[in-house]
Amino acid sequence: MDLSSSEIKEVENKPKTIEDVNVALENVIQHAGELGLYQKLLFFAMFPFALMRSLSIPINSAGSYERCRMFDANWTHVLETLQPPDEETPLTLCNNGWEFLFNDIPYETIATEREWVCNKASYIPTVTTFGFAGTLLGVITLGVLADYFGRVPLIIEAGVLEFIKTKELRLTSVLLIVAIMSTTLSFDTILRMSENIGLNIFITFTVSAATEVPSISLLVFLLDRFGRRWLVFCPVIATIILNMTNAFVSNNFASGALLVSARFFNIMAYNTLIQWTPELLPTSMRASGGALIFTFGNLPLLLSSFVVFSAQYWPGLPFLIISVFAILGASCALFIPETMGKPMPQTVEDIRNLSRII
């Protein structure tokens, strides 16, 4: 029977049903090869492991296997019946060690070597915090020793006293410290979150670190055109928006893109503060005062590991925490005196005059 062109077109445009798709899929599977010898051997080889997991590890509310707890059951009875324990069976912490996947990081770390997981997971941020505390203690101690043995102590003491008794200098320093604290916390948390978004940690870290070159290059071009204040405030606001968005994103690639973008703007804000701080201190205390401000500004490094650790309670929580602190830092930047186009302050009186022009 011959079909007209209109009838052929009607047949071609007829929508496919689910049955048609299933039949086509079955044909493809049959052509590729169904359950063969390899698939059968693989099934029987993996069956004991799958059986043991289903018998010994409970399923949590999310529908996945528990990582830290197992049934506290009569295993002799379980193996005899090959039936999983009842749902009412009490749970206990895993006490026979863990098997780790090395897909993202293909080598042992101190966490995997010492099994710092589950009830010992908090050891990781604690050790990191002690490391940063030792660094800060060394900076302060060696700085004091260098000033004592390398310079006239009376000059240093006079500078510190002047720093304490000058109201304008105290206020500006506190605002700088809070702004630096917020950007430091954001900087280190974003860096550490690179390993938590489900992508290759080395690629993510490399791409994230590569943002420093364009970020600093753009900053050099903009710094003397828009001023220090707006190049702290605006990038921090951009970082807040990106981090708040990232808190509710589940796609790994989208989260990685937001993370890299947030680091770009955070680097810009942090380097602006590095430039801004010595421009707000008189000559007599520019070095020691700047060191003091950045020492206090780096104190949040003691907390950043715990901020990252909070992702165990909710993956977006670290982003919300650093966003709240960033809002505080951006607010402080608005009240720090602008130094663009102004000479460097030489005396405390210069600081007072600069502070009158917000």
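This is a predicted model: local features need pLDDT of at least 70, side-chain atom pairs count only at pLDDT 80 or more; totals for chains, interfaces and linings use all residues.
View 1. Residues are numbered from 1 along each chain as its sequence is written, and side-chain values use heavy atoms, with hydrogens and water left out. Ser310 belongs to the loop between helix H14 (301-309) and H15; helices (H or I, at least four residues) and strands (E, at least two) are DSSP runs, numbered from the N terminus. Is Ser310 buried or exposed? With 7% relative accessibility, Ser310 is buried (under 20% relative accessible area; exposed is over 50% and partly exposed in between, with a 1.4 Å probe and protein chains only). Setting aside neighbours within four places in sequence, Ser310 is in contact with Leu317, Pro318 and Ile321 (contact means heavy atoms within 4.5 Å).

**View 2. H11 against H15.** Helix H11 (residues 230-246) and helix H15 (residues 317-333) have axes that come within 9 Å and cross at roughly 165°. Axes here are lines fitted to C-alpha atoms, for helices over the stretch in contact, and angles run from 0 to 180 degrees between N-to-C directions. H11 and H15 are therefore roughly antiparallel (over 145 degrees; under 35 is roughly parallel, 65 to 115 roughly perpendicular and the rest oblique). Look for Phe233, Ile237 and Met244 among the H11 residues of the contact, and for Leu320, Ser323 and Ala330 among those of H15. The contact of H11 with H15 comprises 13 nonpolar, three polar and no charged residues. For these classes, Ala, Val, Leu, Ile, Met, Phe, Trp, Tyr, Cys and Pro count as nonpolar, Asp, Glu, Lys and Arg as charged, and the others, Gly among them, as polar.

**View 3. H8 against H15.** Helix H8 (residues 167-193) packs on H15 at an angle of about 155°, with the axes 8 Å apart. H8 and H15 are therefore roughly antiparallel to each other. On the H8 side, the contact includes Leu175, Val178 and Ser182, and on the H15 side it includes Phe325, Leu328 and Cys332. By class, the residues of the contact of H8 with H15 are 13 nonpolar, four polar and no charged.

**View 4. H8 against H11.** At what angle do H8 and H11 pack? The angle is about 40°, and the axes are 12 Å apart. H8 and H11 are therefore oblique to each other. Thr183, Ser186 and Ile190 of H8 meet Val236, Thr239 and Asn243 of H11. This contact of H8 with H11 has two nonpolar, four polar and no charged residues.

**View 5. Thr347, beyond H15.** Thr347 lies in the loop between H15 and helix H16 (348-355). With a relative accessible area of 38%, Thr347 is partly exposed. Thr347 and Thr283 are 64 residues apart in sequence, and their C-alpha atoms are 6.6 Å apart in space.
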